[in-house]
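Please look through the structure below before reading on; the paragraphs that follow lead from its sheet to its cores.

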Amino acid sequence: MAGLLLAAGRGARFGTPKALVEYAGESLLDRGVRLLAEGGCDPVVVVLGAADAPVRGALAVRNPDWATGMGSSLRAGLAALPGQATAVVVALVDQPLIRPGAVRALIAARAGLAVATYAGRRRNPVLIAREHFAEVARLATGDVGARAFIAAHPELVTEVPCDGHGDPADIDTPADLAALQPE
């Protein structure tokens with residue numbers, strides 16, 4: 001089971017690439033790698049773009065088309081996965097409150113397409129089996145990652161409740177970060 005962390009964006013609303021932002025003494029990049037690794041993913045691949053950052057414990061892949069949106073980063077990451085990866089858990093760098101239990105729950109679902117839910121709403125991370133990689137990549141355009149594939153194939157989706165495994169809140173602005181800071 002591979003892990004894929006999408007961390008290529010420039011963080012326009014934040015003012016700096018979110019991969020470089022720190023939360024609770026740890027960069028969002030390092031936190032995302034740890035989420036996937038502790039959740040049971042090996043290897044972990046990180047897609048970078050707007051910023052170069054040191055990546056520890058994972059394979060870094062550069063997306064030269066990062067400015068076109070998340071779709072190109074998902075395509076770059078899927079293409080970089082080793083051939084023995086039967087599936088991948090895809091996470092986003094700007095959701096620091098998701099815990100490894102969410103990744104473990106997706107893996108335990110033993111589904112070809114599993115989506116974490118929180119309070120009944122579909123969010124991230126998402127698990128995608130290898131047999132879907134090509135179509136996921138084909139449908140991933142602009143700022144749409146796997147969402148187009150999920151919408152096109154509702155019969156494949158296994159929803160996995162992850163309410164006890166963190167909060168899917170994402171950090172888009174410095175105010176979002178300040179609101180999440182531990183007291």
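In what sense do strand 7 and strand 9 pair, and over how many bridges? In this predicted model, strand 7, which covers residues 113-118, pairs with strand 9 in the parallel sense, over 4 bridges. Within this pairing, Ala114 has Thr158 of strand 9 as its bridge partner.

Both strands belong to an open sheet of 7 strands, whose order is 5-4-1-6-8-7-9 and whose pairing is mixed. The edges are formed by strand 5 (59-62) and strand 9 (158-161), each of which pairs on one side only. On average, and with direction ignored, neighbouring strands of this sheet are turned by 30 degrees against each other. Helix 3, made of residues 100-108, packs on the sheet, where it touches strand 6 (87-92), strand 7, strand 8 (121-129) and strand 9, and its direction makes about 55 degrees with that of strand 8.

The largest nonpolar core has 35 residues, of which Leu5, Leu29 and Leu36 touch the most other members. Two or more residues are given to this core by each of helix 1 (28-38), strand 4 (44-48), strand 6, helix 3, strand 7 and helix 6 (174-180), and helix 1 gives the most, with 5 residues. Leaving aside residues up to four places away in sequence, Leu29 touches Leu5, Ala7, Ala19, Val46, Leu48, Ala53, Pro54, Val55 and Val93. Another core, of 27 residues, lies apart from the largest one, and includes Ala2, Leu78, Leu92 and Phe133.

Technical notes: Residues are numbered from 1 along each chain as its sequence is written. This is a predicted model: local features need pLDDT of at least 70, side-chain atom pairs count only at pLDDT 80 or more; totals for chains, interfaces and linings use all residues. Side-chain values use heavy atoms; hydrogens and water are left out. Two strands pair if DSSP finds at least two bridges between them. Axes are lines fitted to C-alpha atoms, for helices over the stretch in contact, and angles run from 0 to 180 degrees between N-to-C directions. Contact means heavy atoms within 4.5 Å. A nonpolar core is a set of buried Ala, Val, Leu, Ile, Met, Phe, Trp, Tyr and Cys residues joined through side-chain atoms within 4.5 Å. Buried means under 20% relative accessible area, exposed over 50%, partly exposed in between (1.4 Å probe, protein chains only).
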